[in-house]
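Student: I have a structure open in my viewer and would like to talk it through with you. Could you take my questions one by one?

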Amino acid sequence: MNARPRRLRGPWRRALPVMLATFALVLGAAAAAAAPGYPAALSVATSARTGSTVRTAGAASCNPHASSLSPSGPPQVTSGSFMAKIRARGHLIAGVDQSTYHFGFLNPLNGQIEGFDIDMIRAVAKAIFGNPDKVVYKAISDAQRIPDITSGAVDIVAHTMTITCARLQQVDFSSVYFDAAQRVLVLKNSTATSLAGLRGQRVCATTGSDSLIVIAAAKAIPVAVPYWTDCLVLLQQGDVAAISTDDSILDGLAAQDPWTKLIGPRLTDEPYGLAISKQHPDFVRFVNAVLQQLRTNGQWAASYAHWIGTPVPAPPPAQYGG
């Protein structure tokens, strides 16, 4: 993939949390006003693959790891396809995060949104246009992800979004491109060792995230905000005792604040997918073909090493349900 600026160091790294929080809080007020409540109630089951818990919707049976459509072959823009419509428009429209360090964040040095999720989108744009820069990024909150897909406001969402059975009733997903697990972030002087030890205390997550369900199940008090950097500010100010969400997100927050630490075991299994409207199954198959190329040509590994670090694990193997 194209070269990226080196990770921030020195004063820029120390200033990054404040900058990200500022951007998030500016957008957050509007998002909070329109944000829906907690996600629909989900049940918890054990994943035979990882031993962690996964969430399912009611009695519906599905496998989030094998719920997507298989590629029809190498990624090709065929006449009459949704990809052809995107090409005719001249750019891909992607809903992304701008405040999750490592995955989707606004780099204050160059004004560009960057990260592991952004690399996935750039690869899709390159497959459509031959140019990874043909993307219009729409910065959205967790709560906006599904509404923006179903309304057609964006073509695709890359936003550390866990594939769940409840969400699969509303949108389609690509195959799994990243595996995360819910954990807990606290200040270094905290005596808590797990989410169970935070019973009755305020724990932060974003509105629209499935993390709120796990927090409530542990008898902690869920505090919902629009953006993860809002959670970091609340933790720094002592307004919450912890943040609980995917370890991929928490690692980015911890990198911005050296006075924090991750605690506790893996609480859930969080397979990430790229969200796409159910109206465009051809685009789902196309995106899965792109992701398969990234798994096999070394680009997934290169992106992981650049944004997340080493050692680099094997990418999640592609599994399909249709």
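Tutor: Gladly; the questions below go through sheet pairing, aromatic pairs and disulfides.
This is a predicted model, where local features need pLDDT of at least 70 and side-chain atom pairs count only at pLDDT 80 or more, while totals for chains, interfaces and linings use all residues. Residues are numbered from 1 along each chain as its sequence is written, and side-chain values use heavy atoms, with hydrogens and water left out.

Student: How many residues separate the aromatic partners Phe-105 and Trp-307?
Tutor: Rings of Phe, Tyr and Trp (its six-membered ring) pair if their centres lie within 6.5 Å, with planes under 30 degrees apart counted as stacked, over 60 as edge-to-face and the rest as tilted. Phe-105 and Trp-307 are edge-to-face, at 6.0 Å centre to centre and 80° between the planes. Phe-105 belongs to strand 5 and Trp-307 to helix 10 (residues 299-307), so the pair links distant parts of the chain, and the separation is 202 residues.

Student: Is Phe-283 buried or exposed?
Tutor: Buried means under 20% relative accessible area, exposed over 50%, and partly exposed in between (1.4 Å probe, protein chains only). The relative accessible area of Phe-283 is 0%. Phe-283 is therefore buried.

Student: Where does Cys-165 lie, the partner of Cys-62?
Tutor: A disulfide is a pair of cysteine sulfur atoms within 2.5 Å, and Cys-62 and Cys-165 have an S to S distance of 1.8 Å. Cys-62 lies in the loop between strand 2 (53-56) and helix 2 (82-89), so the link ties together parts 103 residues apart in sequence, and Cys-165 lies in helix 5 (residues 165-168).

Student: Why is the disulfide of Cys-204 and Cys-231 left-handed?
Tutor: The sulfur atoms of Cys-204 and Cys-231 are 2.1 Å apart. The disulfide is left-handed because its torsion about the S-S bond is about -80°.

Methods: Helix = DSSP H or I, 4+ residues; strand = E, 2+ residues; numbered from the N terminus.
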